[in-house]
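These notebook entries record what I looked up in one structure.

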Amino acid sequence: MTVHPSLQTYADAWTHSIEAITELVLPLVEGEWNRATPCPSWSVRDIVSHIIGMECEQLGDPRPIHTLPRDLYHVQSEFARYMEMQVDVRRHHTAPEMTSELEYTVIRRARQLRNENRAPDTMVRAPLGAEQTLELALRMRAFDVWVHEQDLRTALGKPGNLDSPGAYVARDILLHTLPKVVAKDAGAPPSSAVVFDIHGPVEFLRTVRVDAEGHGTVDGAPSLGPLATLSMDWETFMRLACGRVRPHAVVDRVKTEGDQELAQAILRHFAVTP
């Protein structure tokens with residue numbers, strides 16, 4: 001039995017990124033596991049621990065019984081606490097322990113995906129005891145591992161795969177968040193439009209339109225009179241949207257035209273991942 005066609009894109013993207021991550025971390029010496037990454041407060045080891053933990057949860061493994069230290073000041077929400085558990089429990093693992101657990105977990109997950117015969121709308125485990133569809137779970141795993149692959153590449157000075165299958169999954173997920181960023185968070189006025197012009201390995205032009213009631217939608221048709229236009233490269237777009245960099249740090253890589261107050265408000269609310 002093969003995976004459902006609507007799930008294959010996510011399975012392929014996940015496979016591509018998880019194999020790239022494995023290749024990146026296998027040769028690392030002990031000290032390199034402690035390098036800081038763009039993911040706030042997480043090291044290389046922390047990111048790999050997070051990936052192992054999340055994949056184990058998709059496999060149905062029980063969560064570790066572990067008490068978090070009180071001095072983890074970056075843990076500010078119940079969601080962050082949930083995510084940190086799988087990370088902190090591995091903070092003292094050695095490099096060989098990390099790589100062997102990663103490889104074993106990837107083998108198990110790859111086998112699970114090869115044998116996957118459930119329908120896309122099957123409900124499966126989600127963080128904080130919730131449930132989500134299998135399709136959403138696989139989409140978010142493909143997104144998560146690609147973003148974290150980029151975190152690791154930045155930390156280790158090995159750029160690449162900005163246009164891999166996972167990049168296009170990330171593009172679609174991040175585009176879906178733009179109407180809320182523009183219409184609700186940044187407060188774009190009713191009956192206005194904002195254009196995003198993204199160049200680089202992944203290119204696209206999208207218009208967020210705010211209707212008379214203040215609701216936002218996104219489409220690929222150009223706007224003849226946008227209130228604001230934001231132009232940047234794909235890597236900057238991704239890093240801003242994923243909270244990996246602050247707008248002031250990439251001011252030289254972002255071009256804004258039109259209503260500057262609105263453009264800056266959009267940039268301030270650009271980060272959409274926790």
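Which side chain meets that of Asp219 in a salt bridge? I found Arg209, at 2.7 Å from N to O. I counted as a salt bridge a side-chain nitrogen of Lys or Arg within 4 Å of a carboxyl oxygen of Asp or Glu.

**Basis.** I worked on a predicted model, where local features need pLDDT of at least 70, side-chain atom pairs count only at pLDDT 80 or more, and totals for chains, interfaces and linings use all residues. Residues are numbered from 1 along each chain as its sequence is written, and side-chain values use heavy atoms, with hydrogens and water left out.

**Entry 1, salt bridges.** I returned to the pair of Asp219 and Arg209, joined in a salt bridge. Asp219 belongs to strand 5 and Arg209 to strand 4, so the pair ties together parts that are 10 residues apart in sequence. I took helices (H or I, at least four residues) and strands (E, at least two) as DSSP runs, numbered from the N terminus. Asp219 is partly exposed at 25% relative accessibility, and Arg209 is partly exposed at 26%. My classes were buried under 20% relative accessible area, exposed over 50%, and partly exposed in between (1.4 Å probe, protein chains only).

I then read the pair of Glu235 and Arg253, whose side chains meet in a salt bridge at 3.9 Å, N to O. This pair links distant parts of the chain, with Glu235 in helix 7 (residues 234-241) and Arg253 in the loop between helix 7 and strand 7 (254-258), 18 residues apart. Salt bridges that share partners join Asp46, Glu84, Asp88 and Arg91 into one network. Within it, the closest N and O atoms of Arg91 and Glu84 are 2.6 Å apart. Is Glu84 buried or exposed? Glu84 counts as buried, at 2% relative accessibility. I recorded a count of 21 salt bridges.

**Entry 2, strands.** I counted two strands as paired if DSSP finds at least two bridges between them. Strand 3 (residues 192-199) and strand 4 (residues 204-210) run antiparallel and are joined by 7 bridges. Ser192 stands opposite Val210, and Val210 also stands opposite Gly216 in strand 5. Strand 5 (residues 216-219) runs antiparallel to strand 4, with 4 bridges between them. In the hairpin of strand 3 and strand 4, with 4 residues between the strands, Gly200 has a positive phi near 115 degrees. In the hairpin of strand 4 and strand 5, with 5 residues between, Gly214 has a positive phi near 90 degrees.

I used a 1 Å grid over the protein atoms alone: a cavity is a set of points where a 1.4 Å probe fits but cannot get out, and lining residues have an atom within 4 Å of a point. Grid points are joined across faces, edges and corners, and a volume is the space filled by probe spheres set on the points. I found 1 cavity of 30 Å³ or more. The largest cavity has a volume of about 40 Å³. Which residues line the largest cavity? They are Pro38, Gln150, Asp151, Thr154, Glu235, Met238, Arg239 and Arg244. Helix 5 (134-156) and helix 7 are the elements that give two or more residues to this lining. Glu235, which lines the largest cavity, is also the salt-bridge partner of Arg253.

Technical notes: 1 Å grid on protein atoms, 1.4 Å probe; cavity = no way out; pocket = protein on both sides within 12 Å on 5 of 7 lines; lining within 4 Å.
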